[in-house]
Amino acid sequence: MGKIEILSLVITIVALISFCAVFTVLFMNYYKSLTEKVLEGKEDIDLIDNAIYESKKKSQKKTRVTRLVLKVVCYAVLAVLIAGIGMGIYGRITGNVMPIGDTTAIVVASGSMSEKNEVNTYLFENNLNNQFNTYDIIQVKKYGSQNDVKQYDVVAFKNADGVVIIHRIVSLNVVDGETCYLTRGDSNNASDNGSQYTTFLHYSDIVGYYTGNRVQMLGVAVIFLQSNSGIITILAVLYALLMQDYLRGKYEKAANERTNLLIELLDYDLNKEEANDLDTSYSESLTYKGIEYRFLGGKFIEKSEATLTDAQIDELVVVKNENGTTTRKTKIITSKTSDKE
């Protein structure tokens with residue numbers, strides 16, 4: 001790794017740490033503020049509205065399903081990102097060669113097969129048009145035997161340094177009784193002997209032949225995922241998603257607990273199905289923070305403003321009328337509730 005690459009890696013790591021620090025501070029403060037508002041009762045009316053209106057519209061179940069779907073999608077994204085990191089690291093180790101059974105997916109790292117060089121007349125004479133571009137992912141398959149190797153096959157092979165190269169066989173040569181091969185990139189004007197190997201390519205160094213199947217430009221993502229910047233970027237995104245999910249979970253827990261505290265003061269079932277005939281012998285009202293909610297037969301009817309004194313504004317008053325008998329209960333709602341009959 002050269003000095004420039006090391007400097008780039010250091011800068012990327014510093015940027016990652018800075019991003020995570022800023023993200024953490026901003027979102028911790030944001031969700032802390034939301035949670036404090038819930039615990040202090042500043043969001044009570046909104047919580048009651050959400051609970052009652054979702055129940056009235058029979059959308060509470062849908063909302064839960066939607067939240068579940070969003071969570072599943074979030075974790076699916078996390079799984080893809082983790083898989084991306086794994087694929088990137090694996091590709092980095094194997095040199096962009098990903099074997100699957102007797103076939104191999106290879107990311108094209110150069111443009112040596114992207115076009116026909118006019119010097120290579122055999123390409124035009126034999127109508128050889130199976131070129132591919134840099135960052136394409138191509139499929140390579142193992143030969144059944146050496147007898148299957150033919151002139152003008154496009155093959156992937158390991159050069160003298162162990163790097164996988166994808167070039168075309170331009171000639172078959174017999175040396176000391178062994179069939180060897182000479183290869184050249186379609187875009188190049190010289191063969192590979194002396195650059196990729198000493199004299200000829202041996203069958204034992206061939207990974208496989210190009211089947212003609214390719215996915216264009218997808219290799220860009222693979223190259224990015226195996227780079228230092230790519231791995232660090234994915235780690236940053238993973239951290240952001242996990243941190244946001246954790247903080248949002250704490251807020252939602254506080255909001256749910258506060259909602260349950262408020263709703264439990266009523267004889268109101270959020271999951272109750274709509275009734276065709278209302279029980280008019282039972283009615284109930286909840287007055288809190290200048291708002292009055294009215295219920296009939298356990299079903300929400302309406303919401304309206306109520307005139308209260310400053311002393312009454314933070315009191316939650318529940319009035320029940322059942323078979324002509326009226327009961328009234330007042331609660332002072334804080335982080336800890338106290339009763340006042």
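Which side chain meets that of D186 in a salt bridge, and what is the N to O distance?

Author: The partner is R168, at 2.7 Å from N to O. A salt bridge here is a side-chain nitrogen of Lys or Arg within 4 Å of a carboxyl oxygen of Asp or Glu. Before going on, a word on what you're looking at: this is a predicted model, where local features need pLDDT of at least 70 and side-chain atom pairs count only at pLDDT 80 or more, while totals for chains, interfaces and linings use all residues. Residues are numbered from 1 along each chain as its sequence is written, and side-chain values use heavy atoms, with hydrogens and water left out.

Back to your pair. D186 sits in the loop between β6 (178–184) and β7, whereas R168 belongs to strand β5, and 18 residues separate them. Helices (H or I, at least four residues) and strands (E, at least two) are DSSP runs, numbered from the N terminus. Both D186 and R168 are buried, with buried meaning under 20% relative accessible area, exposed over 50% and partly exposed in between (1.4 Å probe, protein chains only).

β5 (residues 164–175) runs antiparallel to β4, with five bridges joining the two; strands count as paired if DSSP finds at least two bridges between them. In the hairpin these two make, five residues lie between the strands, and G162 takes a positive phi near 85 degrees. β4 (residues 154–158) is mostly covered, with four of its five residues buried. β4 is also joined to β7 (residues 206–215) by three bridges, again antiparallel. Look at F157 to see both links: its bridge partner in β5 is I165, and in β7 it is I206.

R214 is in β7, while D136 is in the loop between α4 (121–125) and β3 (137–141), 78 residues apart.

The structure holds six salt bridges. One of them joins D44 and R258, whose closest N and O atoms are 2.9 Å apart. That pair ties helix α2 (residues 44–56) to helix α6 (residues 228–263), across 214 residues, and both D44 and R258 are buried.
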